[in-house]
Amino acid sequence: MADAPVTLSEHLASQQAFIPREHEPGVAALIGRVGRVAAVIAQELAHAALRDRLGYMGGTNVSGDEVKKLDIWGHETMLAGLRASGACAAFVSEEAQDPIEIPEAGGARGLVVCCDPVDGSSNLDVNGTVGTIFSVKAARGRVPAGPAALGRGTEQIAAGYVMYGPATVFVYTVGHGVHGFTLNPEAGEFLLTHGDIRIPRRGKVYGINEGNYSSWHPGQRAFVDHLRTPDKAAGRPYSLRYSGAMVADVHRTLLDGGLFMYPADFSDPARPKPKLRLLYEVAPMSFVVEQAGGRASTGTERVLELEATEYHQRAAVILGSPDDVALAEEFYRTSG
Ligand code: AFP
């Protein structure tokens, strides 16, 4: 008889040895709770059109994006879940200007969570894939705890994402490999389906919003030109795949290899303008990709070394197969 599938909570228990001792029960409680919230979000997404929950709220968030009803609902639902975990001392959300303090979970063992509850929400109205991205750092006894979210991505204790696609997939790391689970919707439980994910050294696919081509750094343009130039022996051209939801594009990259890129707008080279948010998009995804054996770079430096000084700071990212990302960096070094 086949072994019973490993549940997310069983798997979290098996990872305890890799979590810093003082944060061990908290991190597991928190990730388990994000999993429960994800199951609720998946349910809501399946029924949103029927319940008139699609569309805009009116108004924009701190990043200037138009806010959708499900963005706000996702934020409130995640906040309630994090509160209930008893381990989260502060929540940095795409939908809130400042960190939300949860003083009852403060103290030396408190954790800080950065999260985009519904990432890629412009896909919602066309029934496209969306995701949740999260990152966990230690509050280190700080009061208020929110500022502990700042600093480098290397300080993350855990990170992961949920992809609401044909199936709902939960992927996480506590710094010891990357593990993927699929939601059994009947039981509301995540089961291990992708143990110890390793990204291929090199891929055949790249994902980028090519409509922005003319505003890229010359190295970025030269690199994409290279990927598109046929050379059968060298495995080119690469194929282009891009969904407009970072979670879906990174998930494909993680499993199949290749690249996901969102470079800065370089129209004014003195003031490059990246788009994606460092704390709850770029840094957690970079941690996951590195843990699977991949790389994540801005084109010129390792993403996880970037210092966040603001909660909604933006950063450029080129992540994926290590050989592909190294080649992108070479193009940045030599074109310019
Ligand atoms: P939304 O949440 O506003 O849809 O943004 C999604 C996102 O932050 C990220 O998930 C995508 O990779 C990226 O933006 C897509 O941006 P473009 O529409 O500029 O390609």
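Visitor: In which hand, left-handed or right-handed, does helix 4 pass helix 7?

Guide: A crossing is called left-handed if the near helix is turned anticlockwise from the far one by less than a right angle, and right-handed if clockwise; here helix 4 passes helix 7 in a right-handed crossing. This is a predicted model, in which local features need pLDDT of at least 70 and side-chain atom pairs count only at pLDDT 80 or more, while totals for chains, interfaces and linings use all residues. Residues are numbered from 1 along each chain as its sequence is written, and side-chain values use heavy atoms, with hydrogens and water left out.

Visitor: At what angle do helix 4 and helix 7 pack, and which residues make the contact?

Guide: Helices (H or I, at least four residues) and strands (E, at least two) are DSSP runs numbered from the N terminus, and axes are lines fitted to C-alpha atoms, for helices over the stretch in contact, with angles running from 0 to 180 degrees between N-to-C directions. Helix 4 (residues 218–228) and helix 7 (residues 322–334) pack at about 130°, their axes being 8 Å apart. Contact, meaning heavy atoms within 4.5 Å, is made by Gly219, Gln220, Ala222, Phe223 and His226 of helix 4 and by Asp324, Leu327, Ala328, Phe331 and Tyr332 of helix 7.

Visitor: Why are helix 5 and helix 6 called roughly parallel?

Guide: Angles under 35 degrees count as roughly parallel, over 145 as roughly antiparallel, 65 to 115 as roughly perpendicular and the rest as oblique. The axes of helix 5 (residues 246–256) and helix 6 (residues 278–291) cross at roughly 15° and come within 11 Å, and the two helices are therefore roughly parallel to each other. Met246, Val247, Val250 and Leu254 of helix 5 meet Glu281, Val282, Met285, Val288 and Val289 of helix 6.

Visitor: Which residues come nearest to the ligand?

Guide: A residue is near a molecule if one of its heavy atoms lies within 4 Å of it; of the 15 residues around the ligand, Asp119, Ser122, Tyr242, Tyr262 and Glu281 come nearest. An oxygen atom of the ligand is 2.5 Å from an N or O atom in the side chain of Ser122, and for the side chain of Tyr262 the distance is also 2.5 Å, while for that of Arg277 it is 3.3 Å.

Visitor: Where does Pro144 lie, and is the peptide bond from Val143 cis or trans?

Guide: Pro144 lies in the loop between strand 6 (130–138) and strand 7 (151–152), and the peptide bond from Val143 to Pro144 is cis, with omega near -5°.

Methods:
A polar contact is a pair of N or O atoms within 3.5 Å; within protein, one must be able to donate a hydrogen and the other to accept it, and residues adjacent in sequence count only if both atoms are side-chain atoms.
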